[in-house]
Amino acid sequence: MIEVQDLTKRYFDREVVKSVSFFVPEGEVLGFLGPNGAGKTTTMRMICAYLPPTAGTVKVAGVDLAQDPLGVRSRIGYLPENVALYPEMRVEEFLRFRAAIEGVPAKEVPERLAYVIDRCMLGDVQRQVIGTLSKGYRQRVGLAAALIHKPPVLILDEPTVGLDPRQIVKIRELIVELGRDHTVILSTHILPEVEQVCRRVLIIDQGQIVADGTPDALRTGFSGLSAVTVELEGADGTAAAEVLSRLEGVEKVEVLTDGRFQLSVRDGKAVRREVFRAAVARGWQILELSQSVPSLEDVFLRLTTREEVEAEAAGEVSHA
Ligand SMILES: Nc1ncnc2c1ncn2[C@@H]1O[C@H](COP(=O)(O)OP(=O)(O)OP(=O)(O)O)[C@@H](O)[C@H]1O
């Protein structure tokens, strides 16, 4: 449904989006993650035909951006980060205005209006002046406006930013619901939001895609590492750390502040077996032996924190 190939944006001599390629199939809800300034908004604005790319191609529902930018725009409902609403207009009046701008035929307007008001749960406020609405309701008006021309694709730039927790839940539910019959790209900084809403995640950093997969695959498969936590009784800390770091499959051992050991491992099951054997052989009591996979936040920080990425690229794996 959305095909992005080698998409690049350069400002003067600085490339802020560097040859980005990805494909979003019909019906997918894709989370677009990245730190501030990573290039998310620039990428989304290029896909929506609001910003000309320096290089690369975009196709939305088979329509080529370079050949038919208005055709692309008509297939996308775009909710920008700071949605431009007219505070003095009433909700219904604003949505009619947007329908006219988007070229919705006059005879279809009543039906489209009723549909988006219902879908975005705006029935109670449709005659209210936009300036008097809460931020959550204003965001829903923005979504309704993005949907008015029946686009198959929705591109949402940080739709929950600045909302209170209850409004966040409502907007997320609405996005999940819209994801049932739209292809969605959702940019956000909120990692649990991605886990709840998106089937697939793209992480962009410094204008480049650094990860692409399901949240589960990113957590478990990206580094291949999981953590095994060990608490021992009757063991000298330094000696035990030394023994644990020599076990097969252990990449790194950290001593936590409470004296437990955290092992970065490739195969948790095999390592737990080895830890058990080593402890029994030395007469140590095992008080805890548990395994956890990294959170999406761990993966995100690992991929987007410069020093760690560079250290990893240089093959520096520390053994404590
Ligand atoms: N018109 C412009 N001229 C020059 N540089 C720009 C322009 N617009 C954006 N940039 C730069 O491009 C980079 C990417 O910006 P972009 O807004 O796409 O990032 P982002 O990932 O959306 O960040 P945020 O999460 O903060 O919204 C930033 O370094 C920004 O300063």
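In this predicted model, H5 and helix H6 (residues 165-178) pack with their axes 9 Å apart and at an angle of about 15°, where helices (H or I, at least four residues) and strands (E, at least two) are DSSP runs numbered from the N terminus, and where axes are lines fitted to C-alpha atoms, for helices over the stretch in contact, with angles running from 0 to 180 degrees between N-to-C directions. H5 and H6 are therefore roughly parallel to each other, since angles under 35 degrees count as roughly parallel, over 145 as roughly antiparallel, 65 to 115 as roughly perpendicular and the rest as oblique. The contact is made by Lys135, Gly136, Gln139 and Leu143 on the H5 side and by Gln167, Lys170, Ile171 and Leu174 on the H6 side; two residues are in contact if their C-beta atoms, placed from the backbone, lie within 7 Å.

Residues are numbered from 1 along each chain as its sequence is written. Because the model is predicted, local features need pLDDT of at least 70 and side-chain atom pairs count only at pLDDT 80 or more, whereas totals for chains, interfaces and linings use all residues.

A second pairing involves H3 and H4, whose axes are 10 Å apart and meet at an angle of about 125°, which makes H3 oblique to H4. Here Glu92, Leu95, Arg96 and Ala99 in H3 meet Val109, Arg112, Leu113 and Val116 in H4.

Within helix H4 (residues 109-119), the residues Arg112, Leu113, Val116 and Ile117 are buried, a residue being buried if 20 or more other C-beta atoms lie within 10 Å of its own, exposed if 12 or fewer, and partly exposed in between, with C-beta atoms placed from the backbone. Seen down the axis of H4, these buried residues fall within an arc of 125°, so they line one face of the helix; the arc is that of the directions from the helix axis to the C-beta atoms. Their packing partners are helix H3 (91-101) and helix H5 (135-147), while Pro110, Glu111, Ala114 and Asp118 are exposed on the other side of H4. After H4 comes methionine 121, whose phi is positive, near 50°.

Turning to the whole protein, its secondary structure comes to 12 helices and 14 strands. The radius of gyration of the protein is 25 Å, well over the 20 Å that the globule rule gives for 320 residues, so the protein is more spread out than a compact globule; this radius is taken over C-alpha atoms, and the rule is 2.2 Å times the number of residues to the power 0.38. Buried residues make up 35% of the 320 residues.
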